[in-house]
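User: Please take me through the fold and the pocket of this protein, stating the criteria as you go.

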Amino acid sequence: MPNKCIVIVDMQNDFIDGALGTKEAQEMLPNLVEKLGAVKDADLIFTQDTHHKDYLSTQEGKNLPVEHCIEGEKGWEICSALQPHLDKAKAVIKKPAFGSMELPALVKEYDEVELVGLCTDICVISNAMILKAASPEQKIAIDASCCAGVTPESHLGALEAMKMCQIEIRNVEL
């Protein structure tokens with residue numbers, strides 16, 4: 001088994017060019033495609049933000065009243081540029097919240113877990129903090145060049161917060 005896995009967080013159409021898409025997510029995507037294309041010695045795990053038709057009545061929906069990532073719809077799907085990597089994925093986790101409580105068990109045997117994806121300031125940081133809390137001695141890292149936040153400022157703020165929690169931040173000047 002490889003000693004490293006890469007967790008690809010919520011690289012779904014709605015976060016790239018759909019309901020909650022951003023220019024930063026679109027600009028980051030080629031970096032991630034290149035990175036995953038070069039992976040030879042790491043397992044891949046994808047997460048998918050997963051909501052249902054009742055989204056607007058949920059706590060998240062009341063605070064962020066923009067329907068997105070509704071299971072089965074185009075916006076919920078992993079973007080086409082990353083589809084070839086889904087076949088190689090060890091797992092795809094459907095998660096109804098920002099962070100996945102399933103993730104720590106899936107990655108516990110790895111020496112290193114690197115996270116990439118969207119959004120740095122919501123789901124990436126949530127999953128990184130869950131992993132760090134579950135396994136404080138496991139190396140948790142973020143490739144900042146393969147992440148994007150809701151805004152450039154909140155992206156940098158999330159990276160700084162993760163760094164303060166002893167999560168390694170790669171490919172960025174803080």
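**Fold and pocket**

Analyst: By class, the lining of the largest pocket has nine nonpolar, two polar and three charged residues; here Ala, Val, Leu, Ile, Met, Phe, Trp, Tyr, Cys and Pro count as nonpolar, Asp, Glu, Lys and Arg as charged, and the others, Gly among them, as polar. The model is predicted: local features need pLDDT of at least 70, side-chain atom pairs count only at pLDDT 80 or more, and totals for chains, interfaces and linings use all residues. Residues are numbered from 1 along each chain as its sequence is written, and side-chain values use heavy atoms, with hydrogens and water left out.

User: Which residues lie nearest the centre of the largest pocket?

Analyst: A pocket is an open set of points on a 1 Å grid over the protein atoms alone, where a 1.4 Å probe fits, with protein on both sides within 12 Å along at least five of seven lines; lining residues have an atom within 4 Å of a point. The space in this pocket is about 190 Å³, a volume being the space filled by probe spheres set on points joined across faces, edges and corners. Of its 14 lining residues, those nearest the centre are Phe 15, Leu 20, Leu 64, Cys 119 and Ile 122.

User: Where is Cys 119 placed, and which peptide bond there is cis?

Analyst: Cys 119 belongs to the loop between β4 and α6 (120–134); helices (H or I, at least four residues) and strands (E, at least two) are DSSP runs, numbered from the N terminus. With omega near -20°, the cis peptide bond is the one from Leu 118 to Cys 119.

User: In what order do the strands of the sheet lie?

Analyst: Two strands pair if DSSP finds at least two bridges between them. Strands β1 (residues 4–9) and β4 (residues 112–118) pair in the parallel sense over six bridges, with Cys 5 opposite Val 113 in β4. The open sheet of six strands, with parallel pairing, has the order β3-β2-β1-β4-β5-β6.

User: At what angle to β5 does helix α7 run?

Analyst: Angles run from 0 to 180 degrees between N-to-C directions of axes fitted to C-alpha atoms, for helices over the stretch in contact, where contact means heavy atoms within 4.5 Å. Helix α2 (residues 23–38) runs at about 125° to β5 (139–148). Helix α7 (residues 152–164) lies across β5 and β6, and its angle to β5 is about 170°.
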